[in-house]
Amino acid sequence: MAAVSVFQRVRTGSKIGAQYDQEGNIIQVETREDEEQSIKLAEILELLLAAGYFRARIKGLSPFDKVVGGMTWCITTCNFDIDVDLLFQENSTIGQKIALTEKIVSVLPRMKCPHRLEPHQIQGLDFIHIFPVIQWLVKRAIETREEMGDYVRSYSISQFQKTHTFPEDEEFEQRKEKAVRTVEEVSEVYAPQRRYKRQADAGELLDEESRVHSTLLEYGRRYGFSKHSKQDKAEEKKLLMAQGAQSVPPGMAEVSEEEDLQAAEELRIKALMTGMAAMATEEGRLTASTVGQIVGLQSEEIKQIAFEYAEKAERSAEDRPERYGPVQQHRRMVASLNKQIQQRTKELEEMEAKQQEVRAACEEAKSKLTEATELGENLESELSALADVEAQADSGLLQKLRALVAMNENLKQQEQEFRTHCREEMTRLQQRIEDLKTEFGDEADDQKERSQLIDQQYNTDREKLQKIRLLMARRNREIAILQRKIDEVPSRAELTQYQKRFIELYSQVSATHKETKQFFTLYNTLDDKKVYLEKEVNLLNSIHDNFQQAMASSGAKEQFLRQMEQIVEGIKQNRIKMEKKKQENKMRRDQLNDDYLELLDKQRLYFKTVKDFKEECRKNEMLLSKLRAKGAS
């Protein structure tokens, strides 16, 4: 019997694989479907397809190949090594499947899988226990793929940039050299130039502030209370003349103090400058190339730069503490007024917005008033129309309608009064009931005794119910134990499946045994051949060694010939024995072959008889069903 897949399209306890008789026809056997296993298998295949394992769509693959292939693919995607070929052979033997499942299960603990799984559960296609593991593996594979996505994308971008460039990069490279050169030229033009140098015999400055000021003065920079320019002085004079007899501003009282500080600062700067000597004349002058570069700038750019510089100077002057007199104080007052103007403008805008909202509300109120006026006019017109109808209608009918309306109103009032009376009566009766309860306290005691008896009876019945429930639970456990024992006994379909598996195992064992016997037979044959060849070689060597000595004399020669004749006779007898043994083995083989053919004929007859018997049983069942149908009709 040829070795076939043990689990080919078979799920444990669910469905039996097809069986064939000697004529090649399918043997119909009992089958049983497990709906929960089928549902879990469908969910597992959907998860694998969603994760990207499209091999699960192949209809020709067995569920074992799809599930194991999906698990192997997920493990490989998660960057874990597994000693399994992803494209493993389909419809493997039992040994190959066991080895494959053991390798997969051994990798799961290293991946820190929270779910336990055994090799026999994968081999037996226990999809209920396989589903959580597949779900976790698919989630882990998707997370790993997302983590690797950014890395792969950055790597691909870096590899692309090694050999290719975008048009923007080329344009940037073309402008880069020019921009760098421009920046370098500007840095050279506006580089700090040293104008003075402190003399060696000027002495060493002790405090750090003096050293800093001295270094800045060497490069022509003056910080602190600097000297006013002539233009600032002229502006201060004009401002003082314009004010005249007006009141002195609030900041004029501090002018004298600021001038004293300014004079002290000037003295300190002069003291520092006395210890310096001017540098070479070329360092403090503008060269022709510098002038050419300045003139080469565009006029519009020069105007723009001058405007920006003026704005920055004005802003910095407003931000610095006012230490320079009335001009700066005037500027501060102007800035404060501008801020107030901006604030008032903002308040005006807010008031305008509120005014717009009030106007909208007023318009809405006007529209509502108009609607109310129109509604009043409509009501008045309807009332006038109703008065005209009354004037034209019959007076008797109107009187009757008015009487009915009055009666309706009277009935409503009576109903309201009756409801009020009922409420009062209900309150009075409830009060009467309370009074009666207090009067008849003995009856309340009797009621308590009756309630106690009822509670006692209730507790007794509840205990009985609890005992009955315990008994029922004990019986249910016994029933469950018996049910499990019944389930442990294999059904006919499972026995058929086990028989098929044992037949396959027996076929594999017999094939291996046959191959081993052939190896043993070949070894024994080669060993016998080796023994005979050694005997032949020894005989030939003996003949060759004794030939010269035997030919020396006639007696030795005759003895040698007699020995040769005995050797030949022994060989012939051995040959006859081997031929006889060969003939016996051949006859025995023919007898066994005849027996085998007779057994095959009996097997064919057995299968044919079973087939005929099943057909007759089917016909008998059909006839019985027809008879029952006729009897029922």
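Reader: Which residues make the nonpolar surface patch?
Author: Leu-397, Leu-401, Leu-404, Met-407 and Leu-411 make a nonpolar surface patch of about 490 Å². Patch residues have over 30% relative accessible area and no salt bridge, and nonpolar side chains (Val, Leu, Ile, Met, Phe, Trp, Tyr) are joined within 5 Å, like charges within 9 Å. The areas come from the Shrake-Rupley method with a 1.4 Å probe. Met-407 is found in helix α13 (residues 395-439); helices are DSSP runs (H or I, at least four residues), numbered from the N terminus.
Reader: Thanks! What should I know about the model itself?
Author: This is a predicted model, where local features need pLDDT of at least 70, side-chain atom pairs count only at pLDDT 80 or more, and totals for chains, interfaces and linings use all residues. Residues are numbered from 1 along each chain as its sequence is written, and side-chain values use heavy atoms, without hydrogens and water.
Reader: New topic: how many salt bridges are there?
Author: The count comes to 10, taking a side-chain nitrogen of Lys or Arg within 4 Å of a carboxyl oxygen of Asp or Glu. One of them joins Lys-608 to Asp-612, with the closest N and O atoms 3.4 Å apart. Both lie in helix α16 (residues 554-632), 4 residues apart, about one turn of the helix.
Reader: Why does Lys-608 count as partly exposed?
Author: Because its relative accessible area is 46%; buried means under 20%, exposed over 50%, and partly exposed in between (1.4 Å probe, protein chains only).
Reader: And Asp-612, what's its relative accessible area?
Author: Asp-612 has 38%, so Asp-612 is partly exposed.

Definitions and conventions: Helices (H or I, at least four residues) and strands (E, at least two) are DSSP runs, numbered from the N terminus.
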